[in-house]
Amino acid sequence: MSTPPPMISRACATLLGTPALTAERLKAGSRTAVYRARLRDGRSVIVKLYAHTARRNALTEATAIRAAAASVPVPEILGCGTASDEGATALITSDLGTCTLGAGVRADRIPRSEALKDLGGLLGRLHRAPVARSVPRRPFFDSVSALADRCPSDLLDQIAPTLALIADTPDTAPTVWRHGDLHFDNVVLSGPQDTRYLVDFTDAAPGQRESDVAHALVMTAAHAPWDREALTSKYPLTLDNARLSAWVVLITVRCWTHSAPGEDQALWARRVADLTHQTPHLFRTRRTERTSR
């Protein structure tokens, strides 16, 4: 750890009343940054900073964490509020340590199949958390519009059956608290019993349960039938398998459009190509186009 950046010092002093002595950057993006900070009183905390330009902010993440806490282990919120004159916000939570489910899998300490079951169980618990009517829902149209800004038009046209299937979801379909980015490294093991804690609710929002399960499948590369079965076997709620497969396609395409040129982009391109063979009904092929004319 090193001398904390001014924003970290200000956030800790303002929200906790205790300055930070040291800070270590854990993650940084264009609109968020995460630090582990050591306070003057000896505590270690996690500080997440949101730029004022971020679509979400620390307050919306805090809302999601508090809602999730009714059903699943999450970090304790210690402070939340504005951290700069420009409108940047900060969220400060308890530090659960550095041991993640992903680290356990990579070290062969936790079998991959067991880790997938853990994710399924955690999602099932999270999706039982109550969703207040006052919490804004993001229309599916907004997701498609955001994708269209980056996705080649021919690929967007190719996944038209996928988009149609998701868009036709009945209004009566359950709305749940989606984590939005669940993978092995967003589960921290803490305490003597290695309790599984869900962390990083940056993208949490109300939505379809199938979209959250699909995201976990995509981000853990659970492509094989036995991997999918491992995760969904511990998910206790009813899933619409057609919608689940459609969300897998959409999220994979989204990952491809945001991937960096090179090996990363090639990897996601291969996964999109694989899905055209695994779920051909979710893609518009040249053959079906000719037949429909």
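Which side chain makes a polar contact of 2.8 Å with the side chain of aspartate 200?

## Aspartate 200 and its partners

It's lysine 48: its side chain and that of aspartate 200 make a polar contact at 2.8 Å. Keep in mind that this is a predicted model. Lysine 27 also joins in, with a side-chain polar contact to aspartate 200 of 3.2 Å.

As for where to look, aspartate 200 sits in the loop that runs between strand S8 (195–198) and strand S9 (205–208). Its relative accessible area is 17%, so aspartate 200 counts as buried, the cut-off being under 20%. Leaving aside residues up to four places away in sequence, aspartate 200 touches Lys27, Lys48, Glu61, His179, Asp181 and Asn186.

## The largest pocket

The largest pocket holds about 1,900 Å³ of space. It has 48 lining residues, and Arg55, Arg56, Arg138, Asp203 and Arg254 are the closest to its centre.

Helix H10 (residues 241–258) gives the largest share of that lining, with five residues. By type, the lining of the largest pocket splits into 20 nonpolar, 14 polar and 14 charged residues.

## The second largest pocket

Next comes the second largest pocket, with about 500 Å³ of space. Its lining has 24 residues, and here the closest to the centre are Leu26, Val34, Ile46, Val188 and Val199.

Elements giving two or more residues to this lining are strands S1 (20–28), S2 (32–39), S3 (44–50) and S5 (89–94), plus helix H2 (58–68). S5 provides the largest share, three residues. Sorted by type, the lining of the second largest pocket has ten nonpolar, seven polar and seven charged residues.

Terms used
Residues are numbered from 1 along each chain as its sequence is written. This is a predicted model: local features need pLDDT of at least 70, side-chain atom pairs count only at pLDDT 80 or more; totals for chains, interfaces and linings use all residues. Side-chain values use heavy atoms; hydrogens and water are left out. Helices (H or I, at least four residues) and strands (E, at least two) are DSSP runs, numbered from the N terminus. Buried means under 20% relative accessible area, exposed over 50%, partly exposed in between (1.4 Å probe, protein chains only). A polar contact is a pair of N or O atoms within 3.5 Å; within protein, one must be able to donate a hydrogen and the other to accept it, and residues adjacent in sequence count only if both atoms are side-chain atoms. Contact means heavy atoms within 4.5 Å. On a 1 Å grid over the protein atoms alone, a cavity is a set of points where a 1.4 Å probe fits but cannot get out, and a pocket is an open set with protein on both sides within 12 Å along at least five of seven lines; lining residues have an atom within 4 Å of a point. Grid points are joined across faces, edges and corners, and a volume is the space filled by probe spheres set on the points. Ala, Val, Leu, Ile, Met, Phe, Trp, Tyr, Cys and Pro count as nonpolar, Asp, Glu, Lys and Arg as charged, and the others, Gly among them, as polar.
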